[in-house]
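Please look at the sequence and the 3D structure below before reading on.

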Amino acid sequence: MKNPYAGTSFWQPSDAECDALRTHLLAELPVGHVLWPADDRLQVVARDRHGDRIVVRTGIAATPVALIHMSWTGRPPMAPFLPETEFFESDEALIAAIRNGPAANGARPA
């Protein structure tokens, strides 16, 4: 399969690293998070070269792709909305958000 993230700041880790990233993600998901309960549907498919974000296939028909900003603490955060998660309807929609760059107010792009 062609890498949809080629030319972006994301790369496709090995299967073993994807499994390790998924395990770490599951450790960070608190009860009440939009991806809770985390069952076998979550699949890590890409990682940001800057190290703090991952792309996940959600198994949710309406929002099949998620960009998750990991805290790397290895435990659930105090707030159920963390780790920050942004949903996209496709890889192409996520890539478009990445390429749009920072918003005028200085917010970080997806």
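## The largest pocket

How much space lies in the largest pocket? The volume comes to about 240 Å³, where a volume is the space filled by probe spheres set on grid points, and those points are joined across faces, edges and corners. A pocket is defined on a 1 Å grid over the protein atoms alone, as an open set of points where a 1.4 Å probe fits, with protein on both sides within 12 Å along at least five of seven lines, and a residue lines it if one of its atoms is within 4 Å of a point. Of the 12 lining residues, Asp15, Cys18, Gln43, Val44 and Val45 are the closest to the centre of this pocket.

Two elements, α1 (15-28) and β2, each give two or more residues to the lining, and α1 gives the most, with 4 residues. Helices (H or I, at least four residues) and strands (E, at least two) are DSSP runs, numbered from the N terminus. By class, the lining has 5 nonpolar, 2 polar and 5 charged residues; here Ala, Val, Leu, Ile, Met, Phe, Trp, Tyr, Cys and Pro count as nonpolar, Asp, Glu, Lys and Arg as charged, and the others, Gly among them, as polar.

## How the model is described

This is a predicted model, in which local features need pLDDT of at least 70 and side-chain atom pairs count only at pLDDT 80 or more, whereas totals for chains, interfaces and linings use all residues. Residues are numbered from 1 along each chain as its sequence is written, and side-chain values use heavy atoms, with hydrogens and water left out.

## The sheet

The 5 strands form an open sheet in the order β1-β2-β3-β4-β5, and the pairing is antiparallel; two strands pair if DSSP finds at least two bridges between them. The edge strands, each pairing on one side only, are β1 (10-11) and β5. Strands β2 and β3 pair over 4 bridges, and alanine 46 stands opposite valine 55 in β3. The hairpin of β2 and β3 has 4 residues between the strands, and in it glycine 51 takes a positive phi near 90°.

Further along the sheet, β3 and strand β4 (residues 65-69) pair over 5 bridges, with valine 55 facing its bridge partner leucine 67 and arginine 53 standing opposite histidine 69. Strand β3 (residues 53-57) is largely enclosed by the rest of the structure, because 4 of its 5 residues are buried, where buried means under 20% relative accessible area, exposed over 50% and partly exposed in between (1.4 Å probe, protein chains only). β4 is mostly covered too, with 4 of its 5 residues buried.

## Arginine 47 and its surroundings

Arginine 47 lies in strand β2 (residues 43-48) and stands opposite isoleucine 54 in β3. Its side chain is joined to that of glutamate 17 by a polar contact of 2.8 Å; such a contact is a pair of N or O atoms within 3.5 Å, and within protein one must be able to donate a hydrogen and the other to accept it, while residues adjacent in sequence count only if both atoms are side-chain atoms.

When residues up to four places away in sequence are not counted, arginine 47 touches several others, among them Ser9, Phe10, Trp11, Leu21 and Trp72, where contact means heavy atoms within 4.5 Å.

Most residues other than glycine have a negative phi, and most peptide bonds are trans. Tryptophan 72, however, has a positive phi of about 65° although it is not a glycine. Tryptophan 72 is found in the loop between β4 and β5, and at 31% relative accessibility it counts as partly exposed.

That loop also holds proline 83, which is joined to leucine 82 by a cis peptide bond with omega of about 0°. Another cis peptide bond joins tryptophan 36 and proline 37, with omega of about -5°, and proline 37 is found in the loop between α1 and β2.
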